[in-house]
Amino acid sequence: MKIIKILLCGLLLVACSSNNQNESINTEVKNNETVSETVYPIEIKHAFGTTIIESEPKNVVTIAWSNQDVPLALNIVPTGVSKANFGKTEENGLLPWTAKKFEELNVNNPNVFDDVDGLDFEAISNAQPDVILAAYSGITEEEYKLLSEIAPVVAYKEKPWQTYWRENIIENSTALGKLEEGKMLVSQLESLIAEKVQKYPNVKGKKVAFTYFNTSDLSNFFVYMSTDPRANYLIDLGMEFTDEVLALNVEGQFYAQVSAEKVDVLNSADIIVVYGDENTLKLLQDDKIVGSVPAIQRGSVVVLNNDSSLAASATPSALSIPATIDEYLKLFEEAALLVK
């Protein structure tokens with residue numbers, strides 16, 4: 001769990017809000033659209049068994065990463081949410097798009113759990129949840145059992161931290177008794193993504209690898225596999241994984257650790273994504289081994305600056321996608337133009 005926490009918390013950094021945060025998704029049901037009535041009880045199967053929700057939850061609590069954005073996108077105000085793990089947040093400890101949606105729903109002082117160093121079971125209980133959303137999380141079976149003593153818990157389907165944004169919306173909206181609205185939200189986000197991708201034609205079809213390099217120790221690096229939601233999001237944006245990335249397979253994990261001597265696993269990538277700052281690309285290029293990678297040599301590298309919102313929204317959510325997609329695609333377009 002330690003390495004997972006380091007990778008997730010240490011890499012997903014955010015600072016200022018995107019210029020595109022006025023982009024919104026309308027999830028209201030129009031007069032000519034019908035939403036089927038939810039029949040209770042609802043049964044949701046997941047990695048730890050089956051959760052039964054007897055009736056429509058009134059008090060919704062979310063923990064971990066991005067789960068809070070699902071009820072908010074459906075105009076449901078959670079009674080408690082987890083603090084953002086890393087990066088510059090709003091005064092309430094939330095990422096910009098989450099804080100903005102609370103404001104739109106006339107909530108100026110949301111209940112935010114300071115659970116960065118571990119779940120705050122007392123605070124969660126005090127929020128009096130009827131359901132706890134954790135479809136995208138890394139909770140252990142022991143934590144699941146403790147949370148289940150408070151309220152029904154929606155955990156991840158199979159593996160920790162390996163829930164794609166569509167699954168996150170569907171699982172969490174099902175628990176809210178809003179499955180049809182969740183499906184509508186997914187459809188609207190897919191349409192938005194398709195519309196935006198068309199504006200950046202050079203990105204389409206490019207081979208990509210999403211990585212993490214510690215520039216103070218380049219003896220090894222990490223590659224996020226296709227099971228990781230931030231890597232999988234790149235497929236939505238029109239890119240493709242290299243065969244070498246697809247071949248990486250570490251049972252149960254969303255990343256693979258690779259020694260620098262095997263850096264040629266990145267050679268076929270047109271574009272490489274990496275977390276860092278304004279010095280990262282040069283440090284990679286100056287390294288004798290890592291600098292031999294063609295994409296790094298020519299600068300076809302998307303650096304997710306640790307002081308930008310993209311470091312957080314690269315792991316997509318119902319609210320972060322419309323907030324930052326243009327900014328994200330512009331970086332890929334710039335990198336794609338360097339590919340010969």
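## Ground rules

Because the model is predicted, local features need pLDDT of at least 70 and side-chain atom pairs count only at pLDDT 80 or more, while totals for chains, interfaces and linings use all residues. Residues are numbered from 1 along each chain as its sequence is written, and side-chain values use heavy atoms, with hydrogens and water left out.

## Helix H7 and its partners

Let's start with helix H7, residues 179-197. Helices here are DSSP runs of H or I with at least four residues, strands are E runs of at least two, and both are numbered from the N terminus. H7 packs against helix H6 (residues 165-175) at about 160 degrees, with the axes 7 Å apart. Axes are lines fitted to C-alpha atoms, for helices over the stretch in contact, and angles run from 0 to 180 degrees between N-to-C directions. On the H6 side, the contact (heavy atoms within 4.5 Å) uses Trp165, Arg166, Ile169, Ile170, Ser173 and Thr174. They meet Leu179, Gly182, Lys183, Leu185, Val186, Leu189, Glu190 and Ile193 of H7. By class, that is eight nonpolar, three polar and three charged residues (Ala, Val, Leu, Ile, Met, Phe, Trp, Tyr, Cys and Pro count as nonpolar, Asp, Glu, Lys and Arg as charged, and the others, Gly among them, as polar).

H7 also meets helix H13 (residues 320-336): their axes come within 10 Å and cross at roughly 20 degrees. That makes H7 roughly parallel to H13, and this crossing is right-handed. H7 brings Leu189, Leu192, Ile193, Lys196 and Val197, and H13 answers with Ile321, Pro322, Ile325, Asp326 and Leu329. The H7 contact with H13 has eight nonpolar, no polar and two charged residues.

## Cavities and a pocket

On a 1 Å grid over the protein atoms alone, a cavity is a set of points where a 1.4 Å probe fits but cannot get out; a pocket is an open set with protein on both sides within 12 Å along at least five of seven lines, and lining residues have an atom within 4 Å of a point. Grid points are joined across faces, edges and corners, and volume is the space filled by probe spheres set on the points. There are two cavities of 30 Å³ or more. The largest holds about 90 Å³, and its lining includes Trp65, Ser66, Gln68 and Leu95. That lining has five nonpolar, six polar and one charged residues. The second largest cavity holds about 40 Å³, and Trp65, Ser66, Gln68 and Leu95 are among its lining residues too.

Most residues other than glycine have a negative phi, and most peptide bonds are trans. Serine 66, in the loop between strand S3 (60-62) and helix H2 (69-73), has a positive phi near 70 degrees. The peptide bond from tyrosine 40 to proline 41 is cis, with omega near 0 degrees. Proline 41 sits in the loop between helix H1 (2-11) and strand S1 (42-46).

Methods: Angles under 35 degrees count as roughly parallel, over 145 as roughly antiparallel, 65 to 115 as roughly perpendicular and the rest as oblique. A crossing is left-handed if the near helix is turned anticlockwise from the far one by less than a right angle, and right-handed if clockwise.
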